[in-house]
Amino acid sequence: MSDREPLLSVRNLKKYYPVKNSAFLAANRKLVHAVDGVSFDIYEGETLGLVGESGCGKSTVGRQLVGMEQSDGGELFFCGKMLDKAEFKRQRAQLQMIFQDPTASLNPRRRIYDILSDIMVGNGVCTRAEAKERVNGLLKEVGLPENSAERYPHEFSGGQRQRIAIARALSLSPKLIICDEPVSALDMSIQAQILNLLKELQSRLGVSYLFIAHGLGSVRYISHRIAVMYLGKIVELASSAELFKNPRHPYSQALISAVPVADPEKRGVKRMITVGEVPSSIDLPEGCAYAARCPYATERCRRERPELVDINGGEGSRNKHLCACFNMEVAREGVATHEGVIVHEGASAREGAAEEPAVKEGA
Ligand SMILES: Nc1ncnc2c1ncn2[C@@H]1O[C@H](COP(=O)(O)OP(=O)(O)OP(=O)(O)O)[C@@H](O)[C@H]1O
Ligand SMILES: [Mg+2]
């Protein structure tokens, strides 16, 4: 496959959940617009970060990509072919997922050897006779000692269990791994180790990642490009460098201003505060979903919904800078970046910002 063609193309993906305990009759039941027309591409050997606050639909996107959830609309293309039911069955092994809590997905009564060898033998990757060598190779690949194979999941630390989950995801040599907040439950120092492991594996194996997180801290470190999601939609998508240098959507600006700054010289940049209530994804407003919290919102924003448009004029989806905002020119004037431009007076850090690791290159 040429590096101009995406490995995965997601087009207009939708997922709506009926609201539980809704007082409405089934026919009129209200829906949560968990994922509301999401499109993006992921290229071979690339990491696309997917960020946004809790409940904006990140995991629902991820779960649909690995078939854990049926879509209510949209299309997926993998290696140039539409992922219909039959094609998905053929490609299932190529699409793997790791989660925030590896404990929940590792059977506590089975040794690591059994967990890993069963998957490989079951999928025809190797024979029983070859499994021992294969398992040891996988464990080495994720930085675990060889004797780990004979142990049970509870004998490992949180970081080591995430390594086991990564080994399991790798066991079928996938082309794409959906990483759903894989480091957010770990201590800071361990977070950096797991991020570095994912990066190393990518450069060795050429695997692609969709890396999901709340904030931009760890995402910036690992992602080539970043998509920012707000209430079921992507509001901005650009290369990591471009997004941090030139964030155009006010919500991206708020997320960037919440990233802890490791360099003391650059501290003191005022934070862009995000005020106002998050609208419900059940009764989405008519206009821009961010308007209620946006410092630049006008009448038009409350009435009309802005589409994602390319502001870069780059060729191919890889080089585009997409943004959905009527006031991106105005927003640019007040941009918050790590280079120290000040945004809104009297602002404070967003809640949850401190959860992101301030990872340095080469940490
Ligand atoms: N199985 C489900 N049934 C009903 N509603 C659901 C279901 N799964 C998710 N939702 C709703 O869909 C929306 C998106 O949820 P999702 O878990 O994808 O968000 P998220 O961005 O991953 O959040 P977080 O950062 O907290 O993990 C939320 O409003 C959530 O309550
Ligand atoms: Mg989630």
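Angles under 35 degrees count here as roughly parallel, over 145 as roughly antiparallel, 65 to 115 as roughly perpendicular and the rest as oblique. Axes are lines fitted to C-alpha atoms, for helices over the stretch in contact, with angles running from 0 to 180 degrees between N-to-C directions. The model is a predicted one, so local features need pLDDT of at least 70 and side-chain atom pairs count only at pLDDT 80 or more, while totals for chains, interfaces and linings use all residues. Residues are numbered from 1 along each chain as its sequence is written, and chains are lettered from A and ligands numbered from 1 in the order in which they are written.

On to the helices (DSSP runs of H or I, at least four residues; strands are runs of E, at least two; both numbered from the N terminus). The axes of α3 (residues 112-122) and α5 (residues 158-170) come within 9 Å and cross at roughly 20 degrees, so the two helices are roughly parallel to each other. On the α3 side, the contact (C-beta atoms, placed from the backbone, within 7 Å) is made by Ile 112, Ile 115, Leu 116 and Ile 119, and α5 supplies Ile 164, Ala 167 and Arg 168.

Buried residues (20 or more other C-beta atoms within 10 Å of their own) of α3 are Ile 112, Ile 115, Leu 116, Ser 117 and Met 120; they pack against α4 (128-141) as well as α5. Just past α3, Gly 124 adopts a positive phi of about 70 degrees.

As for strands, β4 (residues 73-78) runs antiparallel to β5, with two bridges joining them. Phe 77 has Met 82 of β5 as its bridge partner.

Technical notes. Pairing = 2+ DSSP bridges. Contact = placed C-beta atoms within 7 Å. Buried ≥ 20, exposed ≤ 12 C-beta atoms within 10 Å, placed from the backbone.
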